[in-house]
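Here is a short note on the pockets of the model below. Please read it with the structure open.

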Amino acid sequence: MTDDLSTLGLECSEDWVPFPVTGTIDLSYWARYQAEELVERYARDGEKGNARALARDLERAAADSRSREPLGAFGWYISGHRTVAAVLELDAIHPDETYPEVTLDLLAESMSATDFGPPDVRRVRLPLGDAVRIRQNLVEERKRLFGPRPVVRTLFHGVRPPTTDAAVTLMVSWTEPVLDEPLEGIVDGIARTLKL
């Protein structure tokens, strides 16, 4: 089998802005251009957008995703909002000497945390292959020495395509509890569009 993931793709709405996570593109320049695009989209939706605030947030969110070096990343920008509502990262886990086979059990074990009790772990079937779906809440590091520890909500899909030894992973994270239900449906729908 091969580990070629060069044709990996997914489908999502225009609310998901693709982040430049590879290459040498200037994030400040990209963020200013992308912010203007968002302001135009917001206007079409009858909402106001602040280009300066959006550009700052786009640059910060894209730089954060870039630091993890995923295969791809997207930010969910809801019309009228100044900051990213959720971040989606697409990646792969390849077999190595420690784990010569990447199984769904391995994914479920290594991607689960018990910060708020046991995660919701399910086996699902996606068009790309057998998968594990994990919904959980995690405690993030403090942003300031005496500040609160924010809760990060995540939905993870790990898929084992039959054509590769690698597992394809899709992780979405957000902080607003009101987004739990709509995002789970949206992310499950995106996971069903994964293709190689």
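Which helices and strands each supply at least two residues of the lining of the largest pocket?

1. They are α2 (51-68), β3 (86-93), β5 (129-139), β6 (151-160) and β7 (167-174). Helices (H or I, at least four residues) and strands (E, at least two) are DSSP runs, numbered from the N terminus.

2. This is a predicted model, in which local features need pLDDT of at least 70 and side-chain atom pairs count only at pLDDT 80 or more, while totals for chains, interfaces and linings use all residues. Residues are numbered from 1 along each chain as its sequence is written, and side-chain values use heavy atoms, with hydrogens and water left out.

3. The largest pocket has a volume of about 1100 Å³. Its lining counts 39 residues, and D64, V87, V152, S173 and W174 are the closest to its centre. A pocket is an open set of points on a 1 Å grid over the protein atoms alone where a 1.4 Å probe fits, with protein on both sides within 12 Å along at least five of seven lines; lining residues have an atom within 4 Å of a point. Points are joined across faces, edges and corners, and the volume is the space filled by probe spheres set on them.

4. β3 gives the most to this lining of the largest pocket, 7 residues. By class, the lining has 21 nonpolar, 9 polar and 9 charged residues. Ala, Val, Leu, Ile, Met, Phe, Trp, Tyr, Cys and Pro count as nonpolar, Asp, Glu, Lys and Arg as charged, and the others, Gly among them, as polar.

5. The second largest pocket has a volume of about 160 Å³. α1 supplies the largest share of its lining, 6 residues. The lining of this second largest pocket holds 4 nonpolar, 1 polar and 5 charged residues.
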